[in-house]
Amino acid sequence: PAGDHLRWEAEQSFGHRTGPDDRTRWPAGGQTPYAAPLAGAYWAYFHADSFVSGVLSGRHKVSEGFEWGPFVNVLDLDDPRRRGEDDRRTFWGAGLAVDWRMGPWQIDLRGGYSPTLADAAPAARPWSVFLNTGWGE
């Protein structure tokens, strides 16, 4: 049955700080687990005073320990120091994720594209690839 091989995954996060400086503002962008995600941004390009983000992913289990699927995410933030504007901006991106577990090893590969990133960050390319490996028992 399809229920054994397909699953949905939703993730959301938000943050707000008053009086932040460059060390305490929220990192946003990229696909690392340490920042509010934005597919297409290849690193935490934004440093927001406040943000709201969400990711929706569909995963297909191919075999035990191997799954893949598409995802889409939205990021709404204010980053007045980066652009000199006081208004909030909304970005979205889409991509593909692969998760492969082999015993104690794990490989997480994600690629994404954000058509909304080009206006806010003209020097940045609007696509990214993230590779993460891990070991643990």
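**Contacts, strands and spaces**

Visitor: The side chain of serine 53 makes a polar contact with which side chain?
Guide: Quick bit of housekeeping: this is a predicted model, so local features need pLDDT of at least 70 and side-chain atom pairs count only at pLDDT 80 or more, while totals for chains, interfaces and linings use all residues. Residues are numbered from 1 along each chain as its sequence is written, and side-chain values use heavy atoms, leaving out hydrogens and water. A polar contact is a pair of N or O atoms within 3.5 Å; within protein, one must be able to donate a hydrogen and the other to accept it, and residues adjacent in sequence count only if both atoms are side-chain atoms. With serine 53 the distance is 2.8 Å, and the partner is serine 13.

Visitor: Is serine 53 buried or exposed?
Guide: Serine 53 is in strand S4; strands here are DSSP E runs of at least two residues, helices are H or I runs of at least four, and both are numbered from the N terminus. Leaving aside neighbours within four places in sequence, its contacts (heavy atoms within 4.5 Å) include Glu11, Ala36 and Val74. The cut-offs are under 20% relative accessible area for buried, over 50% for exposed and partly exposed in between, with a 1.4 Å probe and protein chains only. Serine 53 comes out at 7%, so it is buried.

Visitor: How far apart are alanine 48 and histidine 16 in space, C-alpha to C-alpha?
Guide: Alanine 48 is placed in strand S3 (residues 46-48), and it counts as buried because its relative accessibility is 0%. Beyond four places in sequence, it touches Arg25, Trp26, Leu77 and Asp78. Alanine 48 and histidine 16 are 32 residues apart in sequence, yet the distance in space is 8.4 Å.

Visitor: And glycine 19, buried or exposed?
Guide: Glycine 19 is in the loop between strand S1 (6-16) and strand S2 (26-28). Its C-alpha atom is 26 Å from that of leucine 117, which is 98 residues away along the chain. The relative accessible area of glycine 19 is 75%, so it is exposed.

Visitor: Zooming out, in what order do the elements of the chain run?
Guide: The secondary structure comes to 2 helices and 8 strands. Along its principal axes the C-alpha trace spans about 50 × 30 × 25 Å, and buried residues make up 37% of the 137 residues. From the N terminus on, the order is β-β-β-β-β-α-β-β-α-β.

Visitor: What is the bridge partner of aspartate 76 in S6?
Guide: S5 and strand S6 (residues 89-102) run antiparallel and are joined by 12 bridges; a pair of strands needs at least two DSSP bridges between them. Aspartate 76 is bridged to threonine 90.

Visitor: Which glycine in the turn between S6 and S7 has a positive phi?
Guide: S6 and S7 run antiparallel, with 9 bridges joining them, and alanine 94 has tyrosine 113 as its bridge partner in S7. The two strands form a hairpin with 2 residues between them. The phi in question is about 60 degrees, and the residue is glycine 103.

Visitor: What volume does the largest pocket have?
Guide: On a 1 Å grid over the protein atoms alone, a cavity is a set of points where a 1.4 Å probe fits but cannot get out, and a pocket is an open set with protein on both sides within 12 Å along at least five of seven lines; lining residues have an atom within 4 Å of a point. Points are joined across faces, edges and corners, and a volume is the space filled by probe spheres set on them. For the largest pocket, that gives about 230 Å³.

Visitor: Which of the residues lining the largest pocket are closest to its centre?
Guide: Strands S5 (66-78), S7 (105-113) and S8 (127-135) each give two or more residues to that lining. Of the 13 lining residues, the closest to the centre are Glu11, Gln31, Thr32, Pro33 and Arg110.
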